[in-house]
Each structure stands twice: as structure tokens, then as C-alpha cells.
Amino acid sequence: MKAPLDLRHVASLALRDLVHLADLPDFDRVQDQISRIRGCTRPVQLVGSTETRDTTTNTVVRSYSTADEPTGRLLTACGNRRSSRCPSCSRLYAADTYHLIRAGLSGGKSVPETVRTHPRLFVTLTAPSFGPVHNRRTTDAGENLACRCGTRHPADDRTLGTPLSPATYDYSGAVLWNAHAGALWARFTTYLRRELAAHLSMTQKALNAALRVSFAKVAEYQRRGLVHFHAVIRLDGPEGSNEPPPRWATAEALTHAVTQAVERAVLTVTSDATGERELTWGDQLDIREIAVLGDGELTDQKVAAYVAKYATKSAEDSGTVDRSLRCPHCIGRGYQRGPDGFRDLCDECEGTGQSEPIADLPVHSHVRQMIRTAWNLGHLPEFAELKLWKWAHMLGFRGHFSSKSRRYSTTLSALRDTRRTWRTEQARTTDDRPELDEETALVVSHWQYLASGYSPGEELLAAQVRHDIAQARDDADRRKTEGDPWL
């Protein structure tokens with residue numbers, strides 16, 4: 001039996017570094033930097049300076065340099081949307097996504113409140129079956145029914161979503177469907193407009209002149225490793241959310257168009273290795289109208305919160321890993337070109353192109369087989385453009401997890417710019433810096449990437465910040481549950 005790992009030297013290193021930070025001239029500034037990025041898990045370290053000049057007088061109005069920082073560098077948030085990578089940044093991303101979706105449902109952020117009177121649907125599009133899988137069925141009363149394997153699976157059973165017969169499961173079809181899910185969605189939106197025009201007995205040109213179809217969607221992984229899409233689909237006037245659609249453009253007409261477009265959207269994929277396949281949507285299609293007055297089963301707030309929740313999740317929620325499997329030295333090719341131009345096997349991955357062996361991944365055998373299938377298909381010439389070996393850890397899916405049409409509502413960039421402007425204004429009210437004339441102000445900046453992450457002592461401070469934020473959040477939730485009148 002192995003002796004337990006001695007971690008005392010790790011703790012002492014962190015404590016020594018923390019003591020060193022505490023001895024710096026401005027320890028409060030170190031804490032302030034970490035607090036401002038809300039204890040980001042893996043912040044970006046920058047070195048450089050910025051200088052604001054008044055061009056009329058050629059004088060320096062403001063200046064900043066990391067040389068004046070206690071640690072000689074500036075910490076900025078990583079901005080990763082994945083909750084498995086950075087809970088702090090992912091919560092901010094989810095909050096922005098919530099406001100983006102909510103604005104397109106209730107108004108705000110440059111969207112008029114009258115948008116809530118437009119026809120709006122909440123649609124869920126799923127993947128087809130590639131073989132029977134273990135599932136957990138329940139009655140309306142909540143009774144757990146037996147799976148086809150004869151077992152009554154508990155909710156946390158790891159076998160849920162895995163094939164009943166792995167030997168006959170269509171892994172190639174599943175991976176290729178994930179890889180083409182984004183293109184299938186684009187095909188669906190094309191047919192949606194066509195079917196809507198046909199249902200209203202109009203040409204597409206006339207339809208485009210009379211109304212606009214707007215949407216926002218997010219991808220979610222099912223337990224079987226296949227993505228499905230949750231989407232808000234809305235009818236607007238021809239200029240977007242600022243004007244209502246014609247009265248004859250109803251939710252019923254939109255529902256009919258969605259149903260027909262799902263049936264017509266088909267992609268054909270041909271390969272010598274896998275044969276010809278038709279990729280379609282699954283039979284499980286859920287279409288629900290979003291309540292106008294906010295008192296129905298599906299309200300603006302519920303839909304926005306539901307979509308925002310899945311905007312920060314990723315493939316790892318289906319049991320896979322949250323990191324690329326490409327060898328960083330040969331970029332997954334398995335070889336490197338030597339000085340003489342010949343291909344030499346990569347010494348780091350021994351020619352496999354993998355940063356770590358797929359067989360050693362701590363995942364379920366079903367997920368491992370999907371990863372292996374994606375890796376192998378990705379090296380076929382006919383699938384080279386899909387770069388499946390690059391996205392093997394995503395089980396083949398390579399699309400955006402959240403996207404929207406141009407006129408749905410505001411943008412994430414606009415929300416970030418607003419937040420940045422607000423912080424700038426807050427900073428101006430807390431110091432004596434003079435007001436700037438934007439027409440005569442010139443900002444010159446020089447920044448350089450230094451590294452990522454914290455020092456051991458800073459990591460202790462960041463952990464405390466994350467703990468305090470989580471504690472405050474739990475306290476707020478508890479008070480809301482108890483009916484605190486101040487919340």
C-alpha cells in the first residue's frame with residue numbers, strides 16, 4: 001500500500017508566498033486586483049502601460065503602468081464561459097446571456113417593451129436515435145418505470161444515455177450528426193422562412209418585406225453525448241424588434257412553419273468509409289408559446305434563465321473531458337517536419353497526435369468510443385474540413401453554444417462595453433482626475449502577455465474571494481426563500 005502523499009511542502013509554499021505578498025508596500029492593491037476579477041480561476045497576467053494625452057496641449061492627462069503595481073503586473077479575468085473552467089467568469093457570461101435573451105422577450109437594452117406582444121415560441125430540437133439507450137421513464141405521478149433492460153435506473157445512474165448494445169450502436173452517425181448540427185440548424189432556419197411564406201400563401205420576397213424571423217438559441221448536451229438546441233423564435237416587423245409584425249403573422253402560423261421546417265431539413269453526407277447518410281432532426285420536437293402577460297407556464301424570465309443556464313455548460317456535462325486532446329507539439333498530426341524536410345514522428349506523443357491516450361481518459365466507455373470515433377473520422381480525407389480530431393473532446397460538435405440572429409436584441413459586446421463604461425464612470429467619481437474631451441484625447445497603450453494563473457499566495461486570496469462570493473449568494477438565496485422583504 002502506497003504511503004499518503006505529503007502535501008505539507010505545498011501548503012508551506014503558499015503560506016510563504018502569502019507572507020511575502022503581505023510584506024509588499026501595498027498589499028491592499030494585491031487584494032483589490034483579485035477582488036475585481038472575482039477570484040477568476042486562471043487570470044491572464046499582463047505587463048505594460050497606457051497613457052492618455054491631450055493633443056491640443058500635448059500633455060499627459062492620465063497614465064498607468066504595471067511597474068507601479070506591487071507585483072509588477074496586472075491581473076485580468078480569463079473570460080472563459082465554461083463553468084468547469086472558471087465558475088466566476090462563467091456566471092458573468094450567464095448573466096450577460098440572460099439579459100440578452102430577456103431583452104429580446106421583455107424589452108430593454110435598446111429593445112422596446114412592445115416586443116413582448118410579438119408572436120414568440122420556445123422550441124427544442126433534438127437529435128435522432130442512433131441506437132436504443134438506457135433511459136429513465138416516469139409516470140405523471142413520479143413513479144420510476146423499468147428501462148428496456150429491465151432495470152429501474154436511479155436519476156444519478158451513470159449508465160443512463162449509454163447504448164443497450166454498444167456493438168450495434170451507430171457511433172459514426174452520432175459523431176457526424178454532432179459535427180453537422182450547426183449546419184443542420186442553418187438549413188432549418190432557411191426552410192422555416194420558406195414554410196412560413198408557403199403557409200401564408202406569399203412569396204419569400206413578399207414575406208421578407210412584411211416581417212422578419214428573429215431567434216436566439218443555445219446548445220445542450222444530452223446524456224447520450226448528442227447536442228440538442230433550445231431556441232426562442234420570434235416574429236418581428238421588417239426592421240426588427242422596433243416594430244410589430246402584421247396581424248396575420250401569428251404564433252399558430254409560426255408553429256406550423258417550425259413543424260414543417262424540422263421535417264424538411266436534411267443534410268446528406270457521403271463517405272467511402274461510412275457510406276451515404278441523411279442527417280435529420282429527431283422525432284422529439286417541443287414547441288411552446290411564451291406567455292405574453294408573464295403569468296403563463298412559460299414566462300420571459302423562466303425562458304431567459306433556462307437558456308442562460310445552459311450557455312455556460314459544455315460537453316463535459318455529458319461525461320467527457322473539457323480539454324483538447326491534440327498534442328500541442330505536433331498539433332495533432334503525429335509528426336513534425338525535420339530540418340531536411342522529412343516527416344519525423346513526434347517525440348512527445350510518439351506519433352499518436354494525442355496529448356494523452358484516449359484509452360486512459362477517466363470517462364465512461366460510451367464516451368470514450370465517441371471520442372475515439374471522432375478522432376479516427378477526423379483523419380479521413382473526406383472529413384478533413386470538419387477537423388474532428390480537433391473537436392474529439394467535444395464529441396464532434398464544433399459550433400457555437402449560443403448564437404442569435406442580428407436583430408434579436410442587443411449583443412454580448414454591447415453589454416460588456418456598457419459595463420466597462422459604467423466602471424470607468426465609477427472610477428472617475430472616486431478620484432480627482434480631470435474630465436477628458438474625447439475629440440482631443442489620444443490613448444497610447446503597450447501591453448504584453450506574461451503568463452496565466454496566480455502565484456501560490458494569490459491563489460489562497462482568490463479562494464477566499466470565491467468563498468465569500470458563494471457565501472453571499474447562498475445567504476441571498478436563503479433570505480429569498482424565507483421571504484425577506486428587502487430582497
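Which residues of strand 6 lie on one side and which on the other, and are they buried or exposed?

A: The model is a predicted one, in which local features need pLDDT of at least 70, side-chain atom pairs count only at pLDDT 80 or more, and totals for chains, interfaces and linings use all residues. Residues are numbered from 1 along each chain as its sequence is written, and side-chain values use heavy atoms, with hydrogens and water left out.

Both faces of strand 6 are covered. On one side stand Val227, Phe229, Ala231, Ile233 and Leu235, and on the other His228, His230, Val232, Arg234 and Asp236; every one of these residues is buried, which means under 20% relative accessible area, with exposed being over 50% and partly exposed in between (1.4 Å probe, protein chains only). In a regular strand the side chains alternate between the two faces of the sheet. Because 10 of the 10 residues of strand 6 are buried, the strand is largely enclosed by the rest of the structure. For the protein as a whole, buried residues make up 41% of the 487 residues.

The strand belongs to an open sheet of 5 strands in the order 9-4-6-5-12, with antiparallel pairing. At the edges of the sheet are strand 9 (285–289) and strand 12 (402–404), each of which pairs on one side only. On average, neighbouring strands of this sheet are turned by 15° against each other, direction ignored. Here strands (E, at least two residues) and helices (H or I, at least four) are DSSP runs numbered from the N terminus, and two strands pair if DSSP finds at least two bridges between them.

Strand 6 (residues 227–236) has an antiparallel partner in strand 4 (residues 120–125), with 6 bridges between the two. Ile233 of strand 6 is the bridge partner of Leu121, and His230 of strand 6 is the bridge partner of Thr124.

Strand 6 also pairs with strand 5, again in the antiparallel sense, over 10 bridges. In this pairing Phe215 has Ile233 of strand 6 as its bridge partner. Strand 5 and strand 6 form a hairpin with 5 residues between the strands, and in this hairpin Gly225 adopts a positive phi near 90°.

Helices also lie against this part of the sheet. Helix 3 (residues 87–106) lies across strand 4, strand 5 (212–221), strand 6 and strand 12, and runs at about 35° to strand 6. Helix 7 (residues 300–311) packs on the sheet as well, where it touches strand 4, strand 5 and strand 6; the direction of helix 7 makes about 50° with that of strand 5. These axes are lines fitted to C-alpha atoms, for helices over the stretch in contact, and the angles run from 0 to 180 degrees between N-to-C directions.

The wider setting may be given briefly. The protein contains 10 helices and 13 strands, and its C-alpha trace spans about 70 × 65 × 60 Å along its principal axes. Of the contacts (heavy atoms within 4.5 Å) in the protein with a separation of 6 or more, 71% come from residues 24 or more positions apart.

In summary, strand 6 has strand 4 and strand 5 as antiparallel partners, and residues on both of its faces are buried.
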